[in-house]
Amino acid sequence: MVLNEIGIMQKERKYDLSERLIEFSVSVIRLSDKVFKTSAGVYLSGQLVRSGTAPALLYGEAQSAESRNDFIHKVKILLKELRETKNNLRIIRAVPLIDDVAQIDAIIQENDELISIFVASVETAKKNQQRK
């Protein structure tokens, strides 16, 4: 048990996916600020910010889905954004368009873990839908 921000005892949440997605977005934004300001760097860092922050926003939409189909659809869009982010990171690393290429590897690892989580979420939602 832990105290929340207003002093009420709550169970500690060991796995807050929303917070994890926000932290991922912050990492992507910080990385994008370090991308070289070449024409390719400016273009790719802009794309990176858009695709890398979208999953946190889309997750909020998925949590408010109107149906199981709507949830699945929103999570599939979220997955597309994560995959776009990974490819963008791989291009930035391959050129390279940043001094600290190792920083990209940590973000790619988190990206891969998030993809795995949401693929499993879609599969679970589909199985639950078939049961009804």
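## Surface and burial

The protein chain exposes about 8300 Å², an accessible area from the Shrake-Rupley method with a 1.4 Å probe. Carbon and sulfur atoms supply 52% of that surface. Of the 132 residues, 37% count as buried, meaning under 20% relative accessible area with a 1.4 Å probe, protein chains only.

This is a predicted model: local features need pLDDT of at least 70, side-chain atom pairs count only at pLDDT 80 or more, and totals for chains, interfaces and linings use all residues. Residues are numbered from 1 along each chain as its sequence is written, and side-chain values use heavy atoms, with hydrogens and water left out.

## Elements in order

The protein chain has four helices and two strands. Helices (H or I, at least four residues) and strands (E, at least two) are DSSP runs, numbered from the N terminus. From that end, the order is β-β-α-α-α-α.

Contact means heavy atoms within 4.5 Å. Take the contacts between residues at least 6 apart in sequence: 70% of them join residues at least 24 apart.

## Helix 1 and helix 2

Helix 1 covers residues 17-32. Its axis and that of helix 2 come within 9 Å and cross at roughly 170 degrees. Helix 1 is therefore roughly antiparallel to helix 2 (over 145 degrees). Axes are lines fitted to C-alpha atoms, for helices over the stretch in contact, and angles run from 0 to 180 degrees between N-to-C directions.

Helix 1 brings residues including Leu17, Leu21, Phe24 and Val28 to the contact. From helix 2 come Leu48, Gly52, Pro55 and Tyr59, among others. The contact residues divide into twelve nonpolar, six polar and no charged. Here Ala, Val, Leu, Ile, Met, Phe, Trp, Tyr, Cys and Pro count as nonpolar, Asp, Glu, Lys and Arg as charged, and the others, Gly among them, as polar.

## Helix 2 and helix 3

Helix 2 spans residues 39-63 and helix 3 spans residues 68-94. Their axes come within 8 Å and cross at roughly 155 degrees, which means that helix 2 is roughly antiparallel to helix 3. The contact has 15 nonpolar, five polar and five charged residues.

Helix 2 passes helix 3 in a left-handed crossing. In such a crossing, the near helix is turned anticlockwise from the far one by less than a right angle.

## Helix 3 and helix 4

Helix 4 runs over residues 101-131. The axes of helix 3 and helix 4 come within 9 Å, crossing at roughly 160 degrees. So helix 3 is roughly antiparallel to helix 4. Helix 3 passes helix 4 in a left-handed crossing. Their contact residues divide into 18 nonpolar, six polar and nine charged.

Methods. Angles under 35 degrees count as roughly parallel, over 145 as roughly antiparallel, 65 to 115 as roughly perpendicular and the rest as oblique. Buried means under 20% relative accessible area, exposed over 50%, partly exposed in between (1.4 Å probe, protein chains only).
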